[in-house]
Amino acid sequence: MNYYLTEEQQMIKELAAKIADEKIKPVALKYDEEGTFPHDIVKILADSDLFGVYIGEEYGGFGGGIFEMALVVEELSRACGGISLAFAASGLGAFPIILYGTEEHKQKYLPDIASGAKLAAFGLTEANAGSDAAGIQTTAVLDGDEYVLNGTKQWITNGGEAEIYTVIACTNRAKGARGFSAFIVEKGTPGFSFGKKENKMGIRASVTSELVFEDCRIPKENLLSREGMGFIVAMKTLDRTRPGVAAQALGIAQGAFDEALKYSGERVQFNKPISSFQAIQHMLADMAIQIEAARCLVYQTCRLVDSGEKSISKESAMSKVFASDTAMKVTIDAVQVMGGYGYMKEYPVEKMMRDAKITQIYEGTNQIQRNVIALELIKGLKTKK
Amino acid sequence: MNIIVCVKQVPATNEVKMNKETNTIIREGIEAIINPFDTYAIEEGVRIKEKIGGKTTVLSMGIPSVVDLLKETMAVGIDEAVLLSDRTFAGADSLATSYALSMGIKKIGDYDLIVCGKQAMDGDTAQVGPGLAEKLGIPHTTYVRKIEEIKEGYIRCQRMTEDGYEVIEMPLPAVITVVKEINEPRLPSLKGMMRAKRAVVTVLTAKDIGADSDLCGLKGSPTQVVKTFVPVHDVQSEMIEGEPEEQAEKLAKKLLSMQFSTSDSTEVI
């Protein structure tokens with residue numbers, strides 16, 4: 001389908017696709033097996049200027065938004081949903097600065113993120129704070145001109161590889177959800193270290209680590225927005241970046257579908273390619289329908305987010321749920337179409353099926369997303385009355 | 001340092017269609033790409049510029065649509081692009097191509113180094129690089145796999161051979177043709193692509209470059225392609241045993257018996 005992308009968006013998509021096909025596809029299996037971070041691909045992405053697509057021109061970027069970021073994530077994810085995450089998670093770490101940073105913050109951090117010289121990461125989740133983000137235990141206490149951070153963040157994408165972290169910590173326990181604040185913490189700050197590196201089912205080329213703060217002192221200027229705004233910073237950031245996860249899911253689904261379609265034309269059983277059998281045809285058609293529907297929703301949600309529209313939670317959640325559920329279903333079916341071959345690591349769909357699962361879980365589980373959607377629906381009902 | 005990189009458009013497909021009357025390749029209606037070997041020439045030109053400064057110009061001869069391919073080279077670091085495009089150039093063999101390109105290069109003027117790919121993947125002649133050097137009256141080295149040193153007026157490079165490499169020094173200006181071992185071409189950058197989109201390619205006609213139309217295109221092409229085939233390399237080796245003097249004698253006799261020698265060499269023996 002023609003989505004009438006602008007000339008620049010088309011260029012971004014083509015460049016990301018070229019990198020995905022020529023550079024990522026050949027190494028996706030290797031990184032999945034080794035579970036190591038793809039420094040070489042990150043370097044290629046940096047050299048290609050793609051890290052700057054969602055950052056303002058005044059900070060060395062291209063002045064695009066979530067749509068441009070999503071186009072890159074989608075294309076890279078077609079080849080590897082794990083490698084694409086190094087790019088996407090840097091965006092997640094950058095958006096709190098883009099949305100709530102002062103001019104000084106932006107001048108200091110965004111040019112390096114835009115050039116790909118430094119990766120960013122976002123630290124919200126903790127052992128006891130997953131869907132219930134209010135359970136955050138990490139604290140930040142103002143001491144003179146510095147905040148002192150203590151606590152451990154868990155499952156942080158790009159943890160250890162990123163240089164710039166936006167972290168949510170509790171500054172006033174008594175104020176509940178209004179007691180959290182967002183901070184920028186640089187790698188190398190004394191008292192800031194990295195803990196356990198996770199061994200994951202999928203997205204294994206992506207690094208997932210603990211962030212450990214032990215009397216970590218950061219300048220008080222590193223506070224993003226005001227004290228007490230941490231929860232809002234996190235939620236507004238996630239509302240904007242969720243279509244990015246949706247794009248990752250969409251790319252994984254497309255990648256799996258492409259493999260299954262190609263295979264169905266090559267695999268001969270009963271003296272015919274299996275694509276000539278209606279059972280396979282209907283599966284392929286269903287996969288294609290779902291992918292195209294997901295793409296429509298993801299692209300349109302990106303356009304909505306980039307329009308500056310304030311109320312985007314519901315649509316953003318919908319795009320994430322629909323695209324990630326699609327990715328799971330499509331990758332499972334891709335394995336099914338390819339049968340025994342699909343189950344083997346020699347073919348990429350086995351990995352894609354494992355990679356797809358995380359998109360239903362992180363940046364808010366699909367169950368939490370449905371809560372968000374339902375709450376918005378009910379809120380709408382009340383305002384109508 | 002001013003570097004000119006010569007590139008050729010080739011069909012993206014392996015199924016090359018020939019014009020039966022002229023035995024030349026039909027280029028119309030087939031997706032064209034830059035000859036893959038030339039992408040290494042582009043990369044090397046850009047790397048030299050990045051290392052020691054200067055300007056890179058890409059030069060090609062072809063149909064007007066080649067302009068788009070030349071713009072692509074500007075996304076990977078080429079500064080300027082010139083296309084020689086004129087009906088007069090059509091049907092050129094490697095001699096006429098060398099001539100037209102040499103006239104184009106003279107028109108561009110100030111140059112230190114000319115870089116070509118080792119050969120085109122459609123014609124496979126590998127003649128245009130050396131031909132160009134002859135037309136310009138400057139030295140050349142083919143199959144360059146590494147540039148060891150390059151500076152004002154001087155280049156030292158490694159020429160790949162079947163069993164190793166030779167180190168060759170040349171004064172500049174000179175022509176080199178490069179093999180794929182020399183580098184790994186970069187992907188375009190977004191900034192480069194944006195720049196390429198806005199870039200203007202200079203298109204020159206035969207008249208613009210002062211080319212003699214009798215030496216251009218089909219008219220200037222003495223080559224008759226009778227048939228094309230991949231030559232079979234079937235070399236039988238024979239080891240000659242004995243002391244050096246003995247070996248030399250046996251070898252000389254063998255060569256004489258094969259009647260490869262000329263009267264001059266007989267006298268030497």
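Visitor: At what angle do the axes of helix α3 and helix α4 of chain A cross?

Guide: Axes are lines fitted to C-alpha atoms, for helices over the stretch in contact, and angles run from 0 to 180 degrees between N-to-C directions; helices are DSSP runs of H or I with at least four residues, numbered from the N terminus. In this predicted model, where local features need pLDDT of at least 70, side-chain atom pairs count only at pLDDT 80 or more, while totals for chains, interfaces and linings use all residues. Residues are numbered from 1 along each chain as its sequence is written, and chains are lettered from A and ligands numbered from 1 in the order in which they are written. Here α3(A), residues 66–79, and α4(A), residues 83–100, have axes that come within 8 Å and cross at roughly 165°. Angles over 145 degrees count as roughly antiparallel, and the two helices are therefore roughly antiparallel to each other.

Visitor: Which residues make the contact between α3(A) and α4(A)?

Guide: Two residues are in contact if their C-beta atoms, placed from the backbone, lie within 7 Å. On α3(A) these are A:Met69, A:Val72, A:Val73, A:Leu76 and A:Ser77, and α4(A) brings A:Ile83, A:Ser84, A:Phe87, A:Ala88 and A:Gly91.

Visitor: How far apart do the C-alpha centres of domain 1 and domain 2 of chain B lie?

Guide: Domain bounds come from an automatic or database domain assignment, which for chain B gives domain 1 (2–215) and domain 2 (236–269). Their C-alpha centres lie 43 Å apart, and the C-alpha trace of chain B spans about 70 × 45 × 35 Å along its principal axes.

Notes:
Angles under 35 degrees count as roughly parallel, over 145 as roughly antiparallel, 65 to 115 as roughly perpendicular and the rest as oblique.
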